Every structure is written in structure tokens, then in C-alpha cells.
Amino acid sequence: MGMFLGSHHNRIDAKGRVSVPASFRSVLKAQAQPGEAFVILRPSHLHPCIEGWTASGFATLAAPLAEYDPFSEDHEDLAASLYADAWPLDSDREGRILLPETLRQHAELQNEAAFMGLGRVFQIWEPAAAAARRQEARARARTLTARRRAPAEAGEA
């Protein structure tokens, strides 16, 4: 199973199209089944960015819905938050996708997009916001790593 790795910057054309990085296209194509969308985009719940999912990855994301009564408000809220803002998209021959206006607004995208690989998913950011997010994530990761080491080191003493 391929993973989305690295950070890439691409221009957004006047029609709102952006080229998906070649390495990301390879992962999307390798995991796509006949009849499935090339990619599913949705707004992030946590950040001002767009998430990009394979169809199988998106199905896994939605799997917890089965734990809820399908006629409950909880199920409806979760389903609406997952599906109502999701955009299944196909690419053109050049590997470009058309970013829906609502998603571009959510991520505050203008002329450039920064793609960030996160393993099983990728994100599309406004480039300056992406740089700030990577810096924030590295700082938080150092703190998380230090916290995990502290109990182990205390046990060794």
C-alpha cells in the first residue's frame, strides 16, 4: 500500500485547477478500483485545509457510522459532516483536478497550493499556512516524543 509522502507546491490556474503531485497520483491510481473516483476531497475539521482521500480510505473513515442507529441525530450529524462536504473528483490527462470553490474558500487558496502528505491522506493548504502548520507539528511532535520518553526513563532509574 502506497503512502502520501512529502510536501509539494503547485500553481492553481485561472479555472481553479491544480496538478496533483506525481507521487500522490501514483498512490491514488494504484488504490483506485474501477468505477471509483480518483480522489475524494473534503474540508478538514481541524484546520483551514482540504483533505484528499482515496475512495477506500474514505470508506474506512466513514466506517464508524455503522455503530450508530441510522435514524439517530448522532448518525445524521456524523454522516452530514463526512458526506455533505465531500467531493469525489477525477483528474484530467495532465493529472489536474478542479478544486471546488467552497473548498478553495475553506483553505483560503488563491494562486498556489501546498500539498502535504500525511501517510494515508494528504492535505492541500495555502502555502504560508502549510509552512506554519509543519513548524507547529514539528514542535508538538517533539513535546509528544519527550512525554513518551519521560515515563520510560523514570522506570529505568
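User: Leaving aside neighbours within four places in sequence, what is I97 in contact with?

Analyst: Beyond those neighbours, I97 is in contact with G16, R17, V18, V20, F38, V39, L41, L89, D90 and S91. Contact means heavy atoms within 4.5 Å. This is a predicted model, in which local features need pLDDT of at least 70, side-chain atom pairs count only at pLDDT 80 or more, and totals for chains, interfaces and linings use all residues. Residues are numbered from 1 along each chain as its sequence is written, and side-chain values use heavy atoms, with hydrogens and water left out.

User: Which residues have the most contacts inside the largest nonpolar core?

Analyst: They are L41, I97, L99, F122 and I124, in a core of 21 residues. A nonpolar core is a set of buried Ala, Val, Leu, Ile, Met, Phe, Trp, Tyr and Cys residues joined through side-chain atoms within 4.5 Å. Buried means under 20% relative accessible area, with exposed over 50% and partly exposed in between (1.4 Å probe, protein chains only).

User: Which elements each supply at least two residues of this core?

Analyst: They are α1 (22-31), β3, β7 (112-117) and β8. The largest share, three residues, comes from α1. Helices (H or I, at least four residues) and strands (E, at least two) are DSSP runs, numbered from the N terminus.

User: What lies apart from this core?

Analyst: Another core, of six residues, lies apart from it; W53, A55, A86 and V121 are among its members.

User: W53 is in β4, I see. Which way do the residues of that strand point?

Analyst: Strand β4 covers residues 50-53; I50 and G52 point one way, E51 and W53 the other, and all are buried. In a regular strand the side chains alternate between the two faces of the sheet.

User: What does β4 pair with?

Analyst: Strand β3 (residues 39-43) runs antiparallel to β4 and is joined to it by four bridges. Strand β8 (residues 122-125) also pairs with β4 in the antiparallel sense, over three bridges. Two strands pair if DSSP finds at least two bridges between them.

User: Changing topic, how many helices and strands does the chain have?

Analyst: The chain has five helices and eight strands. From the N terminus on, the elements run β-β-α-β-β-α-α-β-β-α-β-β-α.

User: And how much of the chain is buried?

Analyst: Of its 157 residues, 36% count as buried.
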